[in-house]
Amino acid sequence: MRILLIGGYGFIGSAIAQRLIASGHDLVCFGRSVETGRRVVPAAQWVSGDLNHMLYASDWAAYLE
């Protein structure tokens, strides 16, 4: 299953990310810093964005495709 995880490089998020990857899921992580994300969870695909500006469903459409 392809999963979008928000906050995948924090303490809890990184543990969830590792577990999802180990279970065979295709993981896309969303965070403010792609560089930090790639360092913490290199097996995930990373995308960046600012949740403060994502107020409408249309703001999320590109990330959910």
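Which side chain meets that of Asp-26 in a salt bridge?

Guide: In this predicted model, the partner of Asp-26 is Arg-2, and their side chains meet in a salt bridge at 3.5 Å, N to O. A search of the whole structure finds 1 salt bridge. Arg-2 belongs to strand 1 (residues 2–6) and Asp-26 to strand 2, so the pair ties together parts that are 24 residues apart in sequence. Side chains of opposite charge can pair when their charged atoms come close. Asp-26 counts as partly exposed, because its relative accessibility of 38% falls between the limits of 20% and 50%. Arg-2 is likewise partly exposed, with a relative accessible area of 49%.

The largest nonpolar core has 9 residues: Leu-5, Ala-17, Leu-20, Leu-27, Cys-29, Val-34, Val-41, Ala-44 and Trp-46. Strand 2 (26–31) and helix 1 each supply at least two residues of this core. Another core, of 5 residues, lies apart from it and includes Val-28, Phe-30, Val-47 and Met-54. Trp-46, a member of the largest core, touches residues that include Cys-29, Phe-30 and Gly-31, leaving aside residues up to four places away in sequence. In soluble globular proteins, nonpolar side chains tend to be buried together.

Helix 1 (residues 11–22) contains Phe-11, which is exposed, with a relative accessible area of 78%. Together with Ile-12 and Ile-16, Phe-11 forms a nonpolar patch on the surface, with about 380 Å² of accessible area together.

Terms used:
Residues are numbered from 1 along each chain as its sequence is written. This is a predicted model: local features need pLDDT of at least 70, side-chain atom pairs count only at pLDDT 80 or more; totals for chains, interfaces and linings use all residues. Side-chain values use heavy atoms; hydrogens and water are left out. Patches are made of residues with over 30% relative accessible area and no salt bridge: like charges are joined within 9 Å, nonpolar side chains (Val, Leu, Ile, Met, Phe, Trp, Tyr) within 5 Å. Accessible areas come from the Shrake-Rupley method with a 1.4 Å probe; for residues, only the protein chains shown count as cover. A salt bridge is a side-chain nitrogen of Lys or Arg within 4 Å of a carboxyl oxygen of Asp or Glu. Helices (H or I, at least four residues) and strands (E, at least two) are DSSP runs, numbered from the N terminus. Buried means under 20% relative accessible area, exposed over 50%, partly exposed in between (1.4 Å probe, protein chains only). A nonpolar core is a set of buried Ala, Val, Leu, Ile, Met, Phe, Trp, Tyr and Cys residues joined through side-chain atoms within 4.5 Å. Contact means heavy atoms within 4.5 Å.
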